[in-house]
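Good morning, and thank you for coming. I would ask you to keep the sequence and the structure in view while I speak.

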Protein chains: 2
Amino acid sequence: MKHLTRTIIGVLAISAGATALLADGHASEKALKDALKARQSHMSLYSFNLGALGAMAKGDAPYDAAAAQAAADNLATLANMSQAGYWLPGTDSDAMEGSRSLPAIWEEGSKAQALSVAFAEAATTMQSLAGTDLETLQGGMKALGDGCSACHEDYRKPR
Amino acid sequence: MKHLTRTIIGVLAISAGATALLADGHASEKALKDALKARQSHMSLYSFNLGALGAMAKGDAPYDAAAAQAAADNLATLANMSQAGYWLPGTDSDAMEGSRSLPAIWEEGSKAQALSVAFAEAATTMQSLAGTDLETLQGGMKALGDGCSACHEDYRKPR
């Protein structure tokens, strides 16, 4: 879990570290678009792997220990990756079309970082459950789903 | 490197393990679309992290050891994740609009798996170089770029 603390932590500190900046120190329009696309891609991979686990948990797909483990491994891996490069200031839903990330993520008192760490913990727990059997997988789904919604409820703009 | 052999290896074997199947044993239209979207998201994250390294290597962004290491860690992590769930038969460029994955990927004699493993090795090598200094990062870029193009040349449909 060596990457755990990097998940979103340090977003504001690292911010545009790897990003080409304009003369005034702001990220370019392209850099902001690239960051948004990468962030949405990351979310899409969460969704895909969560969907695979959910389908098995609900009985929509047959339980397959290897596939469940692979999906849980992927989720935990993604949740523990550094996302600092994507969460650039200036990519919130007020600033960019297509962004559903509320400005509150970047505001003082934001709990987004803490929620991201909590989600990574839930995903890591699921990693130890998913490959055991269907019942054990089912037992871990609520905590994982709650980990998603905790952040989405407060920090994702409704459609 | 424990995930190395899972990268694409076993695509045909595992195929739709975690996917809801129709009565005839084929993946549903939605499952195929979800797989394509996840695959493209994965590629988009490759591109984002490679772009961060490339910008520094070319001098378009200042060298930042922590950001370079984070991008290289992400690339290696992604390259070593299980992608078996995405590479479903029936998601090639002949079968699906928006797919640029040539049918040859799934055909006998395909080198896609081997190229994917080679790319994961190049990304893992970059992981040991990127955070050292700019010159060392630059020295690793060609192998990484070659790893991308090796697969794109033979297995990605031109635009």
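Let me begin with a definition: by contact I mean heavy atoms within 4.5 Å. This is a predicted model, in which local features need pLDDT of at least 70 and side-chain atom pairs count only at pLDDT 80 or more, while totals for chains, interfaces and linings use all residues. Residues are numbered from 1 along each chain as its sequence is written, chains are lettered from A and ligands numbered from 1 in the order in which they are written, and side-chain values use heavy atoms, with hydrogens and water left out.

I turn to chain A. Chain A has five helices and zero strands, where helices (H or I, at least four residues) and strands (E, at least two) are DSSP runs numbered from the N terminus. Read from the N terminus, the order of elements in chain A is α-α-α-α-α. Of the 159 residues in chain A, 48% are buried; buried means under 20% relative accessible area, exposed means over 50%, and partly exposed lies in between, with a 1.4 Å probe and protein chains only. Among the contacts in chain A with a separation of 6 or more, 73% come from residues 24 or more positions apart.

Next, the interface. How many residues of chain A are in contact with chain B? There are 32, and they touch 32 residues of chain B. The area buried between chain A and chain B is about 2400 Å², with carbon and sulfur atoms giving 64% of it; buried area here is the accessible area (1.4 Å probe) that two parts lose on being put together, summed over both. Across this interface of chain A and chain B, the rule finds zero salt bridges, a salt bridge being a side-chain nitrogen of Lys or Arg within 4 Å of a carboxyl oxygen of Asp or Glu. Polar contacts between chain A and chain B number four residue pairs, both residues at pLDDT 80 or more. A polar contact is a pair of N or O atoms within 3.5 Å; within protein, one must be able to donate a hydrogen and the other to accept it, and residues adjacent in sequence count only if both atoms are side-chain atoms.

Which elements supply the side of chain A that touches chain B? H2 and helix H3 (65–79) of chain A each supply at least two residues of that side. H2(A) gives the most, with twelve residues. By residue type, the side of chain A that touches chain B divides into 15 nonpolar, eleven polar and six charged. In this scheme Ala, Val, Leu, Ile, Met, Phe, Trp, Tyr, Cys and Pro count as nonpolar, Asp, Glu, Lys and Arg as charged, and the others, Gly among them, as polar.

A:Ser41 lies in helix H2 (residues 29–57) of chain A and counts as buried because its relative accessibility is 6%. The side chains of A:Ser41 and B:Ser44 are joined by a polar contact of 2.9 Å. Apart from its neighbours within four places in sequence, A:Ser41 is in contact with B:Ser41, B:Ser44 and B:Leu45.

A:Leu45 also lies in helix H2 of chain A. With a relative accessible area of 0%, A:Leu45 is buried. Neighbours within four places in sequence aside, A:Leu45 is in contact with A:Leu78, B:Ala38, B:Ser41, B:His42, B:Leu45 and B:Tyr86. From A:Leu45 to A:Ala71 the C-alpha to C-alpha distance is 9.9 Å, and the two are 26 residues apart in sequence.

I come now to charge pairs. Side chains of opposite charge can pair when their charged atoms come close. Over all chains, the structure holds four salt bridges. One of them joins A:Asp34 and A:Lys30, with the closest N and O atoms 2.6 Å apart. Both A:Asp34 and A:Lys30 lie in helix H2 of chain A, four residues apart, about one turn of the helix. Is A:Lys30 buried or exposed? A:Lys30 counts as exposed because its relative accessibility is 57%, whereas A:Asp34, at 30%, counts as partly exposed.

In chain B, B:Asp34 and B:Lys30 meet in a salt bridge of 2.6 Å, N to O. Finally, A:Lys142 forms a salt bridge with A:Asp146, at 2.7 Å between the closest N and O atoms, and both lie in helix H5 (residues 134–155) of chain A.
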